[in-house]
Amino acid sequence: MNRHSMNHRRMRAIRIVFYSGLGLLVPAWAAACWWEQLAMVLLGLALGAILLASLASLWVRCPVCGANLCRGMRLPGQLPRFCPRCGSEVK
């Protein structure tokens, strides 16, 4: 397996986990009015998913120099076209 495609697969999985966590915030907010325990469980799951996605972004690295491609733990989006450290193209 090409390492370039591995970064794209990792980034896709990170986006799914991150935005699923954000999506869990809506039912947590809605459940807060009726059932506080459910709201707390959903809130914990949402925050856990967001934290997991943020930590998993540490493993998205440049295949040439090994620099982190998701610096600053920013929202998971598209991979940059070029490595911020060495300038090599990220495929």
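Of the 91 residues in the chain, 30% count as buried, meaning under 20% relative accessible area, with exposed set at over 50% and partly exposed in between (1.4 Å probe, protein chains only). This is a predicted model: local features need pLDDT of at least 70, side-chain atom pairs count only at pLDDT 80 or more, and totals for chains, interfaces and linings use all residues. Residues are numbered from 1 along each chain as its sequence is written, and side-chain values use heavy atoms, with hydrogens and water left out.

The chain has two helices and zero strands. Both terms refer to DSSP runs numbered from the N terminus: helices are H or I with at least four residues, strands are E with at least two. Contacts are heavy atoms within 4.5 Å. Among contacts with a separation of 6 or more, 46% join residues 24 or more positions apart.

Now the rings. Rings of Phe, Tyr and Trp (its six-membered ring) pair if their centres lie within 6.5 Å; planes under 30 degrees apart are stacked, over 60 edge-to-face, the rest tilted. By this rule there is one aromatic pair. Phe18 and Tyr19 form it, edge-to-face, at 5.1 Å centre to centre and 85 degrees between the planes. Phe18 counts as buried because its relative accessibility is 7%. Tyr19, at 42%, counts as partly exposed.

Next, the surface. Helix 2 spans residues 36-56 and includes Leu55. Leu55 has a relative accessible area of 39%, so it is partly exposed.
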